[in-house]
Structure formats: C-alpha cells, structure tokens
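Welcome, and please have your viewer ready for a short walk through the model. We will go from one selection to the next and say what is there.

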Amino acid sequence: MGSIDVGTAQRGVIFRAYTEQRSPRFQLRYLLYPAALLFILGLGVVVVSYRQEAVPFRLDTYRGLRTVRRGMSPQDVKGILGQPIARERRGNLECFQYGRPSIKVPYYTLHTLCYEDGKLREVSARRYNSWVVTSDGAISPAPLEEEEPAAPPSNGPPGLATTPQP
C-alpha cells in the first residue's frame, strides 16, 4: 500500500498560516476596548456623584411620625417639627435639636438636624436615659410616676351586669 505523498505545493497551502510573515494591520478592537472601558468608568463616576436631594427622613416625635426631606430650609422644618430646643455649630454645619427631654420617662430621643448653606444635610437621633443625681452625689434612674392601681374586680361574673333579685 502506499504512503500518502503530499507535495510541497500542497504542504505550503496547508501550513501557510505558520510560515507566512504578515504585516500587522490596524484592528478596530484595539480602539473599541479602551473606549468601552472609558465609557464604563465615566458612567460609574456620574452614577456615584449623583446625589438625590430630596431624601426623606422619618422622625418619631412625641407628636407622632414626621417626615422631613434633604434640602429643606430651617423654616420648613420648624413648621413640621416645631421649635428646636437647642442650637450648635459643627464646623460649617448649623445644627438644631428637637425632642422633649423628661425625667418622667425612662428614656427620650433627641433628633439633631444639621444644615449647610440653609439646606438640610444630616439627620441623626440619639436616645438618652433619664437619670438623676441626688443631693449626696449618687446617680440613680429617674423616679417614674406610679400608675394608679386598677379598680378591684366585682364579685359577679365578668362582663355581666348584676341586677338585684326580688
């Protein structure tokens, strides 16, 4: 039987990819990959730097649940929450405290709302325990008012009115 004899002409056609030296040509992918990468980076910067101005803050106050939004003025917030109880400065922020401190409850919450350039920027809440310092310097929990004891139950069955029997 014979061996298969492949001629040199035919061998040249088959292995031409390995033997030919081609000059490099411009390929579009070398331009598209960096452009796509720059586009994705630019889109990421835009998304991260975008800040929604009207973020709602829900505050649980003694007057009920109230909502204020980022960007509101101090006058708008005062109309919703009432008069602040304290004012302070934190760098370039002007902060107001809202709440109702009391020693008649075991704890109370103060909300601090900070403004920058007249617009609401930060809202924080801090819970405080009601403790008192006695005359001898001891620290103890605040005295809570005792609840009035409930009226003693009547001798009859619960929920039924008793009528005198003749």
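Which residue is the bridge partner of Thr109 in strand 6? Select Arg127, for that is the partner of Thr109. This is a predicted model, in which local features need pLDDT of at least 70 and side-chain atom pairs count only at pLDDT 80 or more, while totals for chains, interfaces and linings use all residues. Residues are numbered from 1 along each chain as its sequence is written, and side-chain values use heavy atoms, leaving out hydrogens and water.

**The hairpin**

Next, select residues 107–116 and 119–129: these are strand 5 and strand 6, paired in the antiparallel sense over ten bridges. Helices (H or I, at least four residues) and strands (E, at least two) are DSSP runs numbered from the N terminus, and two strands pair if DSSP finds at least two bridges between them. Another bridge to show links Thr112 to Ser124 in strand 6. Two residues lie between the strands of this hairpin, where Asp117 takes a positive phi near 55°.

Now widen the selection to the open sheet of four strands, with the order 3-4-5-6 and antiparallel pairing. Strand 3 (86–90) and strand 6 are at the edges with a single partner strand each, so one side of each has no neighbour in the sheet. From one strand to the next, the twist averages 25°. Axes here are lines fitted to C-alpha atoms, for helices over the stretch in contact, and angles run from 0 to 180 degrees between N-to-C directions.

**His111**

Zoom in on His111 in strand 5. Is His111 buried or exposed? His111 is buried, at a relative accessible area of 7% (buried is under 20%, exposed over 50%, partly exposed in between, with a 1.4 Å probe and protein chains only). A polar atom of its side chain lies 3.2 Å from the backbone oxygen of Asp60. Beyond its neighbours within four places in sequence, the contacts of His111 (heavy atoms within 4.5 Å) include Phe96, Tyr98 and Ser124.

**The core and a helix in the open**

Select the largest nonpolar core, eleven residues with Val68, Leu81 and Leu113 among them. Such a core is a set of buried Ala, Val, Leu, Ile, Met, Phe, Trp, Tyr and Cys residues joined through side-chain atoms within 4.5 Å.

Finally, pick helix 3 (residues 29–49), with 21 residues. The number of its residues buried is zero, so helix 3 lies largely in the open.

Terms used. The expected span of a helix is 1.5 Å times one less than its number of residues. A polar contact is a pair of N or O atoms within 3.5 Å; within protein, one must be able to donate a hydrogen and the other to accept it, and residues adjacent in sequence count only if both atoms are side-chain atoms.
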